[in-house]
Amino acid sequence: MTTPTIEKSRARGGASAGTGGDRKGNDMTTAPSTKRVSLTRPHHLFAWVLIAPAIVLFVFVFIIPIIYSGGLSLMGTAAGSSAYGVREEVFVGLGNYAKVLQDPTFWTSLGNLVVYAAFLVPIMMLTSMLLALLLDLPRIGLRAFNRMAIFLPYGVPSVIAALMWGFLYVPEISPIYQLGEAFGLQFPTLLRGDLVMTAIINVVLWGGIGFNTIILYTSLQSLPKEQIDAARIDGCNEPRIAWYIKLPHIVPATILTGLFSVIGALQVYSEPQMLSSLTPAISSTYFPLMRVYRDAFAHDDLNSASAASIILALATVLLSLLVLGGQRLAARRNA
Amino acid sequence: MSTTSRTEERVHEDRLARERLVRSDGDRRPTPKRSTPLVHKLGGILPTIVLLIAVVYFLLPMVWVLFAATKSTGELFSTSAFSFGSSLVDNMVALFEYENGSFSRWLGNSFIYSIGGALLSTAVSAAAGYALALYQFPGKKAVMVGLLAGVLLPTITLAIPQYMLFAQLNITNTYWAVLIPISITPFGIYLSYVFARGSVPQELLEAARVDGSNEGRTFVSIGLPLLFPGLVTVFLLQFIGAWNNFLLPYIMQSKSELSPITVAMFLMLNRGGSEPVLYSVAIAGALVAVIPVVIFVLVLQRFGRLDLISGSLK
Amino acid sequence: MASRVRPAIATVGILALALTACSGSGSDEATDGPVTLEFWAWGSNIDKRVEVWNTANPDIQVNISAPASGADMPVRVLSAVRAGDGPDIAQAEYTQMPTYVSAGVLAPLDSDRKTLESAYSPTVLETVSFDDSIYGVPQDLGPALFVYRNDLFAQYGLTPAATWDDFRALAEQVRTLDGNRYLFNFSSIDADQFMGLALQNGAEWWDYSDEKWGVDIDSAQTQEVLDFWQGMVEDDLVSTYQTGSPEQIEATASGRVLGTIAGAWAPGPLLNQYPDTVGLWSASQIPQWDTADPRVFARGGSANVILKESPHYEQALEFITWLNASDEGAEGLVEVNKFTGALHGQEIDRTPPELMPEDTEYWPSATEAASKLVSVQWGPNTQVAFTAITDELGNAIEGTSPWADVLPKVQDIVQKDLAG
């Protein structure tokens, strides 16, 4: 079955894996006027059969809960007149939204989120690129082991990651601090004050770099060998090859993983939530989603939680549209 | 600038001198003739050192757990981090006896959620991704955009409404309450779509059609085999995602016999209300919980599947 | 906060799904056969008591599980009840009782009033009574004690403080010792302790009168307590590690922190957490503002409640009365290291706790502390107040916002939450 043509098309697809299959996909859907044979109805039917489970589940797991959430966000409670002030449900319109938007801690948490993402994403992407390029160099010892070690933390649940780092952050018992002391260095306590942001970012980086590194490394693997060998023969050294050939090659994959990292960063809650039981410096509203968690799980205020999460979801959608729009604009200008 | 270049020169000479002594460099590739020896050397050693530092960083917490799991509660807070304690067996016994020996059950549940969830979501993603990549049909764009927008929604915001809905349908406190939501992942569908576009040529389907093969048979006998390596990657990612999932089972399951280890460990560490924090038991639990992940990654490494994550092929 | 009619909205959603999914009908009706009671509780060792019950009562089996931590339990129960998925019985801290009551999910236990009145002192029963109905069967009490390292106190010639002024002086003295020691660790996460300290000084955070809830957290009494601790923190007289964090446990295990304020339950958890310190602890009464009128607050302590929706009210009541109020039950609770709410359990001549094998005075001092417990009105949103206290105290301790903001902010948050 594997004819040379197939091989080629696979390699092409591979090379463009990160490249923005998204954009291509759009092109394909918006301009179906390519030389593809137009399909007949039975073919449509089969496509729908294939996609039906996804759609049914999507409706069940996403759409209905979203509608439900929207409904909840318009409701509120008031102390009723019955015995002991049993709460009653009332319609409050956009009251919950106003409440969230007027709450200064909401804006503080958004500020924290911006700072967090601004540090996390660049560090994550740059480190991942560096590690991917290093892994891809010829003559690297223990390549397989290194790759595994870097990827491994991705499989560690955040509750366990927070437990591990929770201990490693305590100066009195942490080997890192003990090592520092041996060299006469006194590291600051990360779990206190403003440095707690560093503590959170570190835990997320530890768990996330491996995933991005492997994606970028894989993208490098799809670079045709001949191209690199040709460069070597031309006298290019490894740093130049990395800079002029490999780096441009992984830019599309980097943009894609970067975008996912940004979305992931905006949705951060698990790591800080788990770490918050170790320090007074992470309040229950440190990040927006922690606030949602608190309202829903500790305060039994689903209405507020729904309103806040809808605001966040809308903000994320808006941000993504801006990014995509900007990208398209840039692409048009380049074209 | 000048100082650095001077140092570089010195290193360069140093390198030349040493190379004269040690000729056998163990270089497997034919070395390009004009490549400068300095860079050659740095190209071998500096990256290795940087990688080594990275590896130490990534493995440090794991190694710490390995040592900490051998310590009693007392030793945990009094002995140096990298020394073995005396209580590995005691901790493990305490762990597996915790709450009437529930830990092995929780571990089993984690496997049920991870393997079951990964299988389901890979199947759903494969079918949807294949259809979206290779068929033109009305409404396709709406479906794509709708599904992909799902990536933007934090799962936590949907968890409570999902719980209320599932409770109405009487499926909370069953394995399905967790398996159903994780069987649909927009990211998995997106990856499958990219794989399908990259690895299943349209021409092949058309050829099959000309040969009279029906669509279903084409999907099973041509599409799936070509997609297979990519689907292994989707499976891997979904497995890890489900293994790490905390919130969904926490909300959906109120009976501890349905809890996975993430929930169990969270409750072990956050019992509140005047209960001690069982660190030594939890750390033993962390060790046991990490072992399957290590094995899983090792196995995949062995079959080279990690390299497929971005959907590209060598 | 709480509401009961949310399933209505979910139903609308389900109608949309009617074609693809069919809803199972509830089939949990009470029958004559053996029943299984779902019991949600986080406390340790209660499972041992449940086992005893289950062996003796094959027709009423109890299934105990811990789906949430103590603090998150009310919300967990409330959302489950709303979804028609709730337990029959739940463990509730006394501070959480009004949350349940005002959510309207509890079954009144007045049918057992006689038994309960003979088993408990009126003060204890009052904490589970609302609008003249009894809503919970008290399990254990947590009268606060100052628990300290007697070996280190002896070594440095220290004596426990009788008043808060003495306490500060003692803390200053401890700071002069070698080894960077602290008398006490003040953690923002112990919001219940801060509230207790305020109650001890005469504050009343909530009141319910004329069918209305009032909030008075930002009061002179609470401010006085806050000022005291602000001084302690700012003058570095207490450590501020988060309770339960590795930092805090290390500091206590290594003897850098000398004492703590804990409920009478303390010896059990302390033994688990610091197994190498057996025999090194003692307890004394907590410091007072006014020694002429000694007042003690409670840390923790909980009751068992029955959910209104439970189809097995009779059996559930039979079980929780046996577990907590009966003589046999109280003796069993004593065996598993609880300081019982039931009088019988308090009156039993018990051996010193394992942690303090020599200390025959421990249980008598706990009983003495219990006799001085202040009576409290907790609010229907205690947890909201606790999170707010934890956040704001944390901010103050970390220097992110001024101490003066703590009480006004908490007052505002709690009040707004109550207003809905």
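## A walk through chains A, B and C

Start by selecting helix α6 of chain B, residues 140-149, where Lys140(B), Val143(B), Met144(B) and Leu147(B) are the buried residues. Buried here means 20 or more other C-beta atoms within 10 Å of the residue's own, exposed means 12 or fewer, and partly exposed lies in between, with C-beta atoms placed from the backbone. Helices (H or I, at least four residues) and strands (E, at least two) are DSSP runs, numbered from the N terminus. Now look down the axis of α6(B): its buried residues fall within an arc of 100°, so they line one face of the helix. That arc is taken from the directions between the helix axis and the C-beta atoms. Turn to the other side of α6(B) and you will find Ala142(B) and Val145(B), which are exposed.

Before moving on, a word about what is on your screen. This is a predicted model, in which local features need pLDDT of at least 70 and side-chain atom pairs count only at pLDDT 80 or more, while totals for chains, interfaces and linings use all residues. Residues are numbered from 1 along each chain as its sequence is written, and chains are lettered from A and ligands numbered from 1 in the order in which they are written.

**Next stop: the whole of chain B.** Colour chain B by secondary structure and you will see 14 helices and zero strands. Of its 314 residues, 51% count as buried. Two residues are in contact if their C-beta atoms, placed from the backbone, lie within 7 Å. Among contacts in chain B between residues at least 6 apart in sequence, 74% join residues at least 24 apart.

Stay in chain B and select Glu75(B), in helix α3 (residues 73-76). Is Glu75(B) buried, exposed or partly exposed? Glu75(B) is partly exposed, with 19 other C-beta atoms within 10 Å. Setting aside neighbours within four places in sequence, Glu75(B) touches Gly85(B) and Ser87(B).

**Now bring in chain A.** Chain A has 14 helices and two strands, and 48% of its 335 residues count as buried. Show chains A and B together: 98 residues of chain A are in contact with 97 residues of chain B. On the chain A side, the largest share, 18 residues, comes from helix α3 (residues 41-73) of chain A. That side divides into 62 nonpolar, 30 polar and six charged residues. Ala, Val, Leu, Ile, Met, Phe, Trp, Tyr, Cys and Pro count as nonpolar, Asp, Glu, Lys and Arg as charged, and the others, Gly among them, as polar.

**A helix pair in chain A.** Select residues 158-168 (α7) and 196-221 (α9) of chain A, whose axes come within 10 Å and cross at roughly 125°. That angle makes α7(A) oblique to α9(A). Angles under 35 degrees count as roughly parallel, over 145 as roughly antiparallel, 65 to 115 as roughly perpendicular and the rest as oblique. Axes are lines fitted to C-alpha atoms, for helices over the stretch in contact, and angles run from 0 to 180 degrees between N-to-C directions. Show side chains for Ser158(A), Ala161(A), Ala162(A) and Trp165(A) in α7(A), which meet Asn202(A), Val203(A), Trp206(A) and Gly207(A) in α9(A). This contact has five nonpolar residues, three polar and no charged.

**Last stop: chain C.** Select Ala342(C), in the loop between α14 (327-335) and α15 (343-347). Ala342(C) counts as buried, with 29 C-beta neighbours inside 10 Å. Beyond neighbours within four places in sequence, its contacts include Ala119(C), Tyr120(C) and Asn324(C).
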